[in-house]
Amino acid sequence: MNYQLTLLLCFTPLVVTWKTRMQTLMRRKKNMEIAQIIDNALYEYYSEKGMDVPHWKCEKNPDWWTEYLISLGLDPNNKL
């Protein structure tokens, strides 16, 4: 009985670590699926309108919103 308890206590942290890692991977997978659904919806929306899909989704540029507004002919400071 004491030997079994020792084994159980030794392997419990491994099981907890494995479960935590699996939960993290499943969460990442779900987030990737959601991102793909959003990308598909954006592509479909802009394609139906006959417009180019904006590249702001792909670029890692903090000024993407300002540049996007300027490309649409709008004031980036939201002034009329």
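View 1. The rule pairs rings of Phe, Tyr and Trp (its six-membered ring) if their centres lie within 6.5 Å, with planes under 30 degrees apart called stacked, over 60 edge-to-face and the rest tilted. Tyr-45 and Tyr-46 have ring centres 5.2 Å apart and planes at 85°, so this pair is edge-to-face. Tyr-46 is buried at 10% relative accessible area, while Tyr-45 is partly exposed at 44%. Here buried means under 20% relative accessible area, exposed over 50%, and partly exposed in between (1.4 Å probe, protein chains only).

**View 2. Trp-65 and Tyr-68 make a tilted aromatic pair**. Their centres sit 5.9 Å apart, with 40° between the planes. Both belong to helix 2 (residues 64–71), three residues apart, or about one turn of the helix. Trp-65 is partly exposed at 43% relative accessible area, whereas Tyr-68 counts as buried at 17%. Helices (H or I, at least four residues) and strands (E, at least two) are DSSP runs, numbered from the N terminus.

**View 3. Trp-18, Met-22, Leu-25 and Met-26 make a nonpolar surface patch**. The patch covers about 440 Å², and Leu-25 lies in helix 1 (residues 2–48).

**Notes.** Numbering starts from 1 along each chain as its sequence is written, and side-chain values use heavy atoms, leaving out hydrogens and water. As the model is predicted, local features need pLDDT of at least 70 and side-chain atom pairs count only at pLDDT 80 or more, while totals for chains, interfaces and linings use all residues.

Definitions and conventions:
Patch = residues over 30% accessible without salt bridge, like charges linked within 9 Å, V, L, I, M, F, W, Y side chains within 5 Å. Areas by Shrake-Rupley, 256 points an atom, 1.4 Å probe, with all protein chains shown as cover. Salt bridge = Lys/Arg side-chain N within 4 Å of Asp/Glu carboxyl O.
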